[in-house]
Structures are given as structure tokens and as C-alpha cells.
Amino acid sequence: MSDMSTVTTFTLRDLNRQPAKILAAVRKFGSVEVRTRNGEIFTIAPKEERRKKSFSKHFQALWAKQRALGLVPPTEDENERINRIIAGEE
Amino acid sequence: MKTYVDANLLVRLYLQLPGHLEALEQIGDKSKDLTTPLPMTDLLRFEVLNAIHRMVFESRSGGQWRVTPEAAAIGLADLEDQIVRGVRLRCVPLSLADIEPEFASLTARFTAKHGFRTYDIIHVASAITLRCRRFLSFDAKANKLAKLAGLLTN
């Protein structure tokens, strides 16, 4: 395994002899590359589940439900306090 | 580009706190940079979980805003669902031992001079260990550390 760059790279020999190690690296880093001796590079990554609706629509629906359940969002002038609460400083 | 988001951004997104629309823009459908799911470490998940519950607690102390337990609960359920489905958020097995070298390096280089908080260092060390190039937060201190560490920020 080579990990000097931002992408983790394995060889075809690694893929043949240590497939579990490669899948563990995919789980950790999101994807890895496998390089063959003639220079070809293949990417291994988990298959993405097909999205039924966009992320934006998903959150718009979630926020509407939360408002219906009584959520009243803070305004911009509460920002510093929000930061302290999230950071556990207040 | 592989991106790491911290608890500050995720809590804003899941409780529609100030900045939530910008957060959605940065990690949502229109984000051209986001090609892989956002990594979710156990520590990040724990911090988001507790921060959302704390927002319920803090909102009881007066003021014009309110986070009800019910609104927090559906936000948390949605977050867990996103993690389980693994489309935008993905659990990553990252132990404290994994991030220790980066944590030690960051704290030795920057904390005495800038006074960074432990959790900010944990998040930036996690991002670097996971080979993320971009770090997104709405917290100025976390962003400052990420920039010093060589990561792209929002």
C-alpha cells in the first residue's frame, strides 16, 4: 500500500492477496486506487444508493416538519452563543 | 474533492440554525466539489448528538428561539438515517490511535501560540488522517486551525 499522497494506492498483487485490507481502506477513506504494472489505475469505491429526491428538497421537508413541531430558529445575532453551545463552552 | 465537516456545520444544518442554507449549499446537490460521502467519525457523531440535545436545554433559558425535543428528535432520526444509508454521510472507523500522530503534531505546532481547543484539533487531525482536502465549519477557531494545517476552508 502506498499512502504518501491524498489517495491510497494498492497494487494488483495487494488486490489478489489482501482483498479484506483493501475493503477496510475503502471503508476508511471512501475510495482507493489499484495500479497495475502497465500503469492502468482503477478506483474502488462503495456503490452509492440511488437518491429518490434531492438533498435540498429533503432538508426543506425536514425543516418544515421541525417548524411544525415548534422549532423557532435563532437569528444571526445569536451566532456567537450558538457557537459556544455547540463547542460545549456555555 | 474529499471534504470533512465538523459538528458546528452539521448541527446548524439539522436544526436550521443561522448558516443552514449556506451549509446546504456547500454540501448539497449543487456542490460540484463533493464527490464522496462526508466522513462521520464516532467522536463527530457523539458531539453532534450531544450538541443537538444541548440546544433543546439552552433554548429553555429564555430568548426568542426555541428547539423543542420533538424537533430535535426528528433531526437526529434523519441524521442517523443518512448515516445508515451512507449516501451523503458515511461512518468511518477512525480510532483515537489513528489520529494521534496528527493530533500530536497539530497541538505541538499551534496550540501554545493560538490556544486551540481539543475538539477542534481532533476534527482537523481526523480530516488530515482521512486525507480530506477541504474542511467546512462555521466556527472561526476551527477554520483558523484548518487553514494553518493546509486544508481548504469555506
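How many residues lie between E2(A) and E3(A) in their hairpin, and which residue in the turn has a positive phi? There are five residues between the two strands, and the residue is Gly39(A), with a phi of about 95°. The structure is a predicted model.

## Chain A: strands and helices

Chain A has four helices and three strands. Read from the N terminus, the order is β-α-α-β-β-α-α. Of the 90 residues in this chain, 17% are buried. Take the contacts in chain A with a separation of 6 or more: 19% of them join residues 24 or more positions apart.

Now follow the strand pairing. Strand E1(A), residues 9-11, pairs with strand E2(A), residues 32-35. The sense is parallel, and there are three bridges. Strand E3(A), residues 41-44, also pairs with E2(A), but in the antiparallel sense and over four bridges.

## A sheet in chain B

Three strands of chain B form an open sheet, in the order E1-E4-E5. The pairing is parallel. Strands E1(B), residues 3-5, and E5(B), residues 152-153, stand at the edges. Each has a single partner strand, so one side of each lacks a neighbour in the sheet.

E1(B) pairs with E4(B), residues 134-136, over three bridges.

## Helix H3 of chain B

The buried residues are Leu44(B), Glu47(B), Val48(B), Ala51(B), Ile52(B), Met55(B) and Ser59(B). They cover an arc of only 135° around the axis, so they sit on the same side of H3(B).

What covers the buried residues of H3(B)? The cover includes helix H4(A), residues 79-86. From chain B it includes H1, strand E2 (38-40), H4 and H6.

## The largest nonpolar core

The largest nonpolar core has 51 residues. Those with the most contacts inside it are Leu10(B), Val11(B), Val48(B), Ala51(B), Ile52(B) and Val124(B). Helix H6(B), residues 118-129, gives the most to this core, with seven residues. In general, nonpolar side chains tend to be buried together in soluble globular proteins.

Look at Val11(B). Set aside its neighbours within four places in sequence. Val11(B) is then in contact with Leu17(B), Val48(B), Ala51(B) and Ile52(B), and also with Ile86(A) from the other chain.

## Where the chains meet

The contact between the chains involves 42 residues of chain B and 33 residues of chain A. On the chain B side, the elements that give two or more residues are helices H1 (7-14), H3 (42-59) and H4 (69-85). H4(B) supplies the largest share, six residues.

What kinds of residue make up the side of chain B that touches chain A? They divide into 20 nonpolar, eight polar and 14 charged.

Methods:
Residues are numbered from 1 along each chain as its sequence is written. Chains are lettered from A and ligands numbered from 1 in the order in which they are written. This is a predicted model: local features need pLDDT of at least 70, side-chain atom pairs count only at pLDDT 80 or more; totals for chains, interfaces and linings use all residues. Two strands pair if DSSP finds at least two bridges between them. A nonpolar core is a set of buried Ala, Val, Leu, Ile, Met, Phe, Trp, Tyr and Cys residues joined through C-beta atoms within 7 Å. A residue is buried if 20 or more other C-beta atoms lie within 10 Å of its own, exposed if 12 or fewer, and partly exposed in between; C-beta atoms are placed from the backbone. Two residues are in contact if their C-beta atoms, placed from the backbone, lie within 7 Å. Ala, Val, Leu, Ile, Met, Phe, Trp, Tyr, Cys and Pro count as nonpolar, Asp, Glu, Lys and Arg as charged, and the others, Gly among them, as polar. The arc is that of the directions from the helix axis to the C-beta atoms.
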